Amino acid sequence: MRFVIQRVKQANVQVDQKVVGEISQGYLVFVGITDTDDQKIADKMIHKLLNLRIFEDEEGKTNLSLENVHGELLIISQFTLYADCRKGNRPSFGNAGNPEFANKMYEYIIQKCSETVPHVAKGVFGAHMEVSIINNGPFTILLDSDEICK
């Protein structure tokens with residue numbers, strides 16, 4: 001499982017020119033899922049996500065968590081996080097999770113995050129989406145379950 005986390009001032013996602021998810025200050029999280037992932041892995045990744053301290057305190061140090069700043073989440077499924085670019089110039093996506101399984105894991109992640117974070121917005125699984133953000137920093141973190149769940 002892979003999370004690409006961007007600290008944002010605001011973000012939204014559109015499908016067919018209609019906003020389907022929108023947040024103010026918080027994290028835009030792109031989620032990549034592979035067939036070897038499970039709820040135990042998701043729980044560890046969610047715990048790490050929700051406890052990251054990457055918002056600045058009054059001294060300008062990244063010392064505050066999403067909860068400390070009353071931040072929001074926009075979670076978007078992105079199978080391309082499992083692109084394999086080792087051969088040729090056209091990426092292979094064979095390592096991305098089966099869509100039915102990946103969608104279940106994606107919905108699980110959203111549900112678990114919603115238990116802690118008051119406002120969790122999402123994209124539309126499998127849809128062509130347009131994502132707009134104001135990245136605050138820029139500040140982008142990659143969480144990979146191969147490292148987080150060792």
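A crossing of two helices is called left-handed if the near helix is turned anticlockwise from the far one by less than a right angle, and right-handed if clockwise. By this convention, helix H1 passes helix H2 in a right-handed crossing. The structure is a predicted model, in which local features need pLDDT of at least 70 and side-chain atom pairs count only at pLDDT 80 or more, while totals for chains, interfaces and linings use all residues. Residues are numbered from 1 along each chain as its sequence is written, and side-chain values use heavy atoms, with hydrogens and water left out.

Helices (H or I, at least four residues) and strands (E, at least two) are DSSP runs, numbered from the N terminus. H1 spans residues 39–51 and H2 residues 99–114; their axes come within 10 Å and cross at roughly 45°. Here axes are lines fitted to C-alpha atoms, for helices over the stretch in contact, and angles run from 0 to 180 degrees between N-to-C directions. Angles under 35 degrees count as roughly parallel, over 145 as roughly antiparallel, 65 to 115 as roughly perpendicular and the rest as oblique; H1 and H2 are therefore oblique to each other. On the H1 side, the contact (heavy atoms within 4.5 Å) is made by Gln39, Ala42, Asp43, Ile46 and Leu49, and on the H2 side by Met105, Tyr108, Ile109, Lys112 and Cys113. Sorted by class, this contact has seven nonpolar, one polar and two charged residues, where Ala, Val, Leu, Ile, Met, Phe, Trp, Tyr, Cys and Pro count as nonpolar, Asp, Glu, Lys and Arg as charged, and the others, Gly among them, as polar.

Attention now turns to the aromatic rings. Rings of Phe, Tyr and Trp (its six-membered ring) pair if their centres lie within 6.5 Å; planes under 30 degrees apart count as stacked, over 60 as edge-to-face and the rest as tilted. This rule gives three aromatic pairs. In one of them, the ring centres of Tyr27 and Phe55 are 5.4 Å apart and the planes lie at 10°, so the pair is stacked. Tyr27 belongs to strand S3 (residues 26–32) and Phe55 to strand S4 (residues 53–56), so the pair ties together parts that are 28 residues apart in sequence. Tyr27 and Phe55 are both buried (buried means under 20% relative accessible area, exposed over 50%, partly exposed in between, with a 1.4 Å probe and protein chains only).

Tyr106 and Phe125 form a tilted pair, with 6.0 Å from centre to centre and 40° between the planes. Because Tyr106 lies in helix H2 and Phe125 in the loop between strand S7 (120–122) and strand S8 (130–144), this pair ties together parts that are 19 residues apart in sequence. Tyr106 counts as buried at 1% relative accessibility, whereas Phe125 counts as partly exposed at 27%. Ser77 lies in strand S6 (residues 72–77) and is buried, with a relative accessible area of 17%.

Two further residues are worth a look. Phe101, in helix H2, is partly exposed at 25% relative accessibility. Leaving aside neighbours within four places in sequence, Phe101 is in contact with Ile33, Thr34, Asp35 and Asp37; the C-alpha atoms of Phe101 and Asp37 are separated by 9.4 Å, although these residues are 64 residues apart along the chain. Ser132, in strand S8, is partly exposed at 38%. Not counting residues up to four places away in sequence, Ser132 touches Gln10, Ala11 and Asn12.
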